[in-house]
Amino acid sequence: MRKTIAIVMIALMTLASVFANGSSESAAGGTITVGILQDTTGATATLGKSVQKGVEDAIADINAKGGINGKTVKYIEYDTAANVDTAISAYIRAVTVDQVDFLFGPPIANIVSGLKATTASYGVPMITFAVDPLCYMDNEGKIYEYLFCAQPSTVVQGQIMAEFAMQNGFKNFGVFYTQDNSYSLSLLDPFVSTVKANGGTIEDKNVIGYNASETDIKTLIQPIIKAGVDAIYCPNYTAPLVLIKKACDELGFKGAIITGLDGAPAFNSQVGADCSNVYFINNIDIYEEETAKAIAERCSDVGAPNKYFLGYDSMQMAAAVMAEVGTDGKAVAKALETAEYTGLTGTIKMDPASHMPVLGTPMFMYKYDGTTPVMLQKYPVEK
């Protein structure tokens, strides 16, 4: 059914494009057009709006400095509404009717996974922020030519969280993950295998997967808490993570909660209570001088500063590539494979084998003191 809808939409939008004389404003008027496909409504709207604001601010800064090789950059926003079909429709409109030169997709693995095959047909490069490596390859392991990620993979992040936990004295773990969510599922094995390889304990009975539609978190997670584990690994999105934290508090859990990027602010404000037992990974050192300054000046109305900076840095990286090779999609995609850009999230150095950053791209482990995030460790560890 989805394929049929997509074919009909392509036909209609192609006709619309023909009636519009078949030429994009970017080709005729010296403008480069960027499409921003993000969840700006729905459960992950905080993340989508933050990425979008980062891209928009980067475009404003680029235009203030003369654009890209003298061409003004404009952008068109598309709400993907946390829905795969909506995202596919928005993508097709962007590349056929609006004829964008470049795209920024959402940080949501399920959405990007649903979009990935469609990207192969249109030759428009797209950077997304979904960290599941499977989002960027087909069933045979071949990388999609025009699809890229601008932050380290779930494999890298899962390993970092496990190494950090073991180094900080946690030995016996439970795992509570969303089994119908690509992001959560892809963070499972890297953490579990790294813990076990380093002498930690994760019993099968204490690994519990549940579906996103299930809301009785207290009942579901109670067996793990009764098992007396040191820490619970929860690779979940922000909304369910808030429910998990509150359920653990109500059940009297005194151990640690170790989680991914979605434990970063604004998780603490959404919990609205003491988060001192929560550890999380992040893309940015919020206390580094330039980053802290940028947060103060740019992020007063941004729900997820880490996603803002990913959006900002990725647009700057894309602009640098287009300044070098132009806007031909194939040329841009080829250049992005080995692109390197240093910004507020550190140095993003792309790996042509995965279309994701190499291992050395920095990540940071934090915990909360009350509701205040405290940066504990940078990875890779500087020697």
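Thr-178 belongs to strand β6, which spans residues 173-178; strands are DSSP runs of E with at least two residues, helices are runs of H or I with at least four, and both are numbered from the N terminus. The model is predicted, so that local features need pLDDT of at least 70 and side-chain atom pairs pLDDT 80 or more, whereas totals for chains, interfaces and linings use all residues. Residues are numbered from 1 along each chain as its sequence is written, and side-chain values use heavy atoms, with hydrogens and water left out.

Thr-178 is buried, its relative accessible area being 6% (buried means under 20%, exposed over 50%, partly exposed in between, with a 1.4 Å probe and protein chains only). Beyond its neighbours within four places in sequence, Thr-178 is in contact with Ser-184, Leu-185, Tyr-210, Asn-211, Ala-212 and Asn-236, where contact means heavy atoms within 4.5 Å.

With a relative accessibility of 37%, Pro-380 is partly exposed. Residues up to four places away in sequence not being counted, Pro-380 touches Leu-359, Gly-360, Thr-361 and Pro-362. Met-363 is 17 residues from Pro-380 in sequence, and their C-alpha atoms are 7.3 Å apart.

The lining of the largest pocket was also examined. Its residues comprise 19 nonpolar, 10 polar and 4 charged (Ala, Val, Leu, Ile, Met, Phe, Trp, Tyr, Cys and Pro count as nonpolar, Asp, Glu, Lys and Arg as charged, and the others, Gly among them, as polar).
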